[in-house]
Amino acid sequence: MTGGWAGRILEVDLTTGKISTRDTHLYARDYIGGRALTSRIAWDELPPDIDAFDPQNVVIVATGPLTGSLAPTSGRTVMTTLSPRIYPRPWHTHSTFGGWFGAEMKYAGFDAIVIRGCAPHPVCLEVRDGQARLVPAGDLWGKDARHTQIALKERLGPQVQVLTIGPAGENRVRFSTVQHAEDNSAGHSGFGAVWGSKNLKAIVARGTGGVSVAHPDRLMREVFELGTFRIAPFSGALYTTIYDKSKTASKERPVCSQACTFNCQVGNYGKSNDGRRIPGHCVGGIAWMTKGFMAATKYSGGGVEIPPSENFGLCEEAELHELCNSLGLDSWFRLVMQPWFIRCQQLGIHAIRGYPINPNDVFWFEDFMRQLAYRQDLGAIFADDLMRAMDELEGELPDELITLGRRLEFAFGFPAHREGRFWDEEPLPFWVISAMMYASESRDPTIGGHHSALLLADFVLADRELSLRQFRRLSEKVWGYPDALEPTFEHKAPVAIWSQHQHMLIDSFPLCDFAFPRIIVPPESRDEWVAAEDMTGDLEIDLRLFAAVTGESLTRAEVNTIAERAFTLERLLLARAGRQRQMEEEWLVPHFKLPCRADGTAIDAAGFSRLLDEYYAARGWDLEYGWPQADSLQRLGLEALIPELEALRARVAQSPPIVSPLRGL
Amino acid sequence: MAGMMRIVTHDERCRECQACTLACSLYHEGECNLSLARLQVLKDMARYQFQILVCRHCESPDCMAACPSEAIQVNELGAAAIDDTLCSRCGACAAACPYGVLFYSETHDRYLKCDLCAGREGGPVCVAICPVGALTLEATAVEEVA
């Protein structure tokens, strides 16, 4: 292997202070890097049956072979741990984020960092040019994420890159983040709380090394052929009313990651009260906190009423966005809690346990965010997320509110996304594909969803007949049969599995899921799309970038096997945590019985069961628990895991199932 | 030196994607290494402001005048360029540069200076790759000769 990997993985035991390294190449061939690599380390080293705040919980920060190179959007990092947000018991999950940290960690000589234990006092891990040390961080404890980074840059130089938690992580808020730069974060999974439980305030990286590139000319050619400032995500040009090309090209937009050369439509700038420019991205960011977006958070159907969230205006949103990132809260909490509080008011409830609620008032909202981060007053009830707050408040509030809270938090402690009901328009068949992904993954399939669901769904919403005609040709080329994207319930498992594998790879090379895989040629205008006979994109770009950087030529079949191996390990980690088919049906059916907001389609329990049968069978998993079987493990080179899988089967047969509070709805 | 070209920076357009520095080191050194790039992008996090540092290609370069080894010579593009084989690592060039855009790489013990990518078809790679036009190649003003 001549390029790409730094070659070493750093290991830090916070309890003993021991620091050691291991060779990345133990994993590179079978797992590439990033998320796939973490699945192997977590399976081998994460003890079963522990709590997320147990010192034995393992946090892994990993990059891939492309990180730090010129490969477009490759400056990404993945973080995994046992998530305290999962309800009711934790399981292993991941979060990916952009920024500049992963590249700097590579330049410092490490592909990944594996952290276990609990420091006796707050510490900061400093990683610099092949060396690492733990430094007391008592003076940083209590600082917000923004000022922690500024302080460390003042102390150690402006070029250091920092990952840090804010007060929310220190106080173990279950939806607290690990923050980096202005608004990059390991968001949904409560990573901040796990860091807080370990007394880990920050990781600082600084490296003067580089990423070696096997074929510099090829890499340069690929990057220029891909084109700079192309629109991403690839459906961006559809919104001609918003994204007039002539205006878009000149519009200033931030990037969220090193080596991103795209004209990404999900970022925007806002202004702070003191006049600074602030970048924001995607949900929770100032990019999307527009009046139109907030109005689209309204949902009504199947007896569920979700009022639209209030938009506070661009300046106020910019301030809230920065506050959220400074406190280290997952900004998605707002899409869950704000409509719930508004519904409380609509039902005549204006205080909870004596604390007034006024969710349409920006000052109340700002105070509430601080209360969450510091677990004070009303925040003390909701800092364990809406699902657990509903357990706490059951009997005190009307049943409708308790049920609504549980529905909003959706499944397993994560908010809904790409599922066609609460926040995204996903007409048939896209929400069916999402449902299969929800049923088989550790978290919301945000990442897979960006391409398999949301973006292609955009074309259907723009012109149904045209897009379905184009999709038949696309489906034939990508999945080998024409009805993969027909608006039906059948034959969708191959698309879900394809999406999951492509995105395992995107998270492992890594690249950005807003730009890759390039399933269609991104049109630069709506007219260009309408005129296209065949919209199928170039699906081999990732492999060419990988080969140019590493010098390794892998075939699509080979990388698909790597993706399947890692996905199987993630599923086994779920199995170890007690996740199985009964849980998936019980938690997801009440949601997918609700009518899809785009086209009114829905599915009943029997229909959902058929979806699971199709998906599990396509995976080669058993139909009873939805777990991989011995022959799959054999095929993937995981035969050593078969005895533990059999032991898990014996155990699950004896264990009481994890019951959903939404059971029977 | 009429008609000489230089790279002009537009800091307000920069987004710190580092494509310029990554492409620079890839083109010149065959690896992606920010500390081997001939230009640097700095960020002030407190103010969220960026600064691109790159050679101004002075008409009468102080760096060239300061070099005791004659390691800095004007190339075919009219840009002062360092011949690393002649460089004695004395640092006089970097000390003489009024703009602080001649960089020393401690890890590689080398002085690095923009040479406008002499020999590259299509001009400087940083200008070609910048997605937002934060770097442009412009002709220096032609001075009237009295």
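Which strand of chain B is joined to β13(A), and how many bridges join them? In this predicted model, the partner is strand β2 of chain B, residues 31-32. Two bridges join the strands, which run antiparallel. One residue pair can be named: A:S212 has B:E31 in β2(B) as its bridge partner.

The model scores ipTM 0.95 and pTM 0.97. For chain B, the mean pLDDT is 93. In that chain, 94% of the residues reach 70 or more. Where pLDDT is low, predicted coordinates should not be read in detail.

The contact between the chains takes 31 residues from chain A and 28 residues from chain B. On the side of chain A, four elements each supply at least two residues: α4 (145-156), β13 (211-212), α7 (216-226) and β17 (277-281). The residues of this side divide into 15 nonpolar, 11 polar and five charged.

A second contact lies within chain A. This chain is divided into domain 1 (8-206) and domain 2 (430-654). Their centres, taken over C-alpha atoms, are separated by 27 Å. Domain 1 of chain A gives 34 residues to the contact, and domain 2 of chain A gives 29 residues. On the side of domain 1, two or more residues come from each of α1 (25-31), α2 (34-45) and β5 (92-97) of chain A. The largest share, eight residues, comes from α2(A). By class, the side of domain 1 that touches domain 2 has 14 nonpolar, 15 polar and five charged residues.

Note on methods
Residues are numbered from 1 along each chain as its sequence is written. Chains are lettered from A and ligands numbered from 1 in the order in which they are written. This is a predicted model: local features need pLDDT of at least 70, side-chain atom pairs count only at pLDDT 80 or more; totals for chains, interfaces and linings use all residues. pLDDT is the predictor's confidence in each residue, from 0 to 100. Two residues are in contact if their C-beta atoms, placed from the backbone, lie within 7 Å. Ala, Val, Leu, Ile, Met, Phe, Trp, Tyr, Cys and Pro count as nonpolar, Asp, Glu, Lys and Arg as charged, and the others, Gly among them, as polar. Two strands pair if DSSP finds at least two bridges between them. Domain bounds come from an automatic or database domain assignment.
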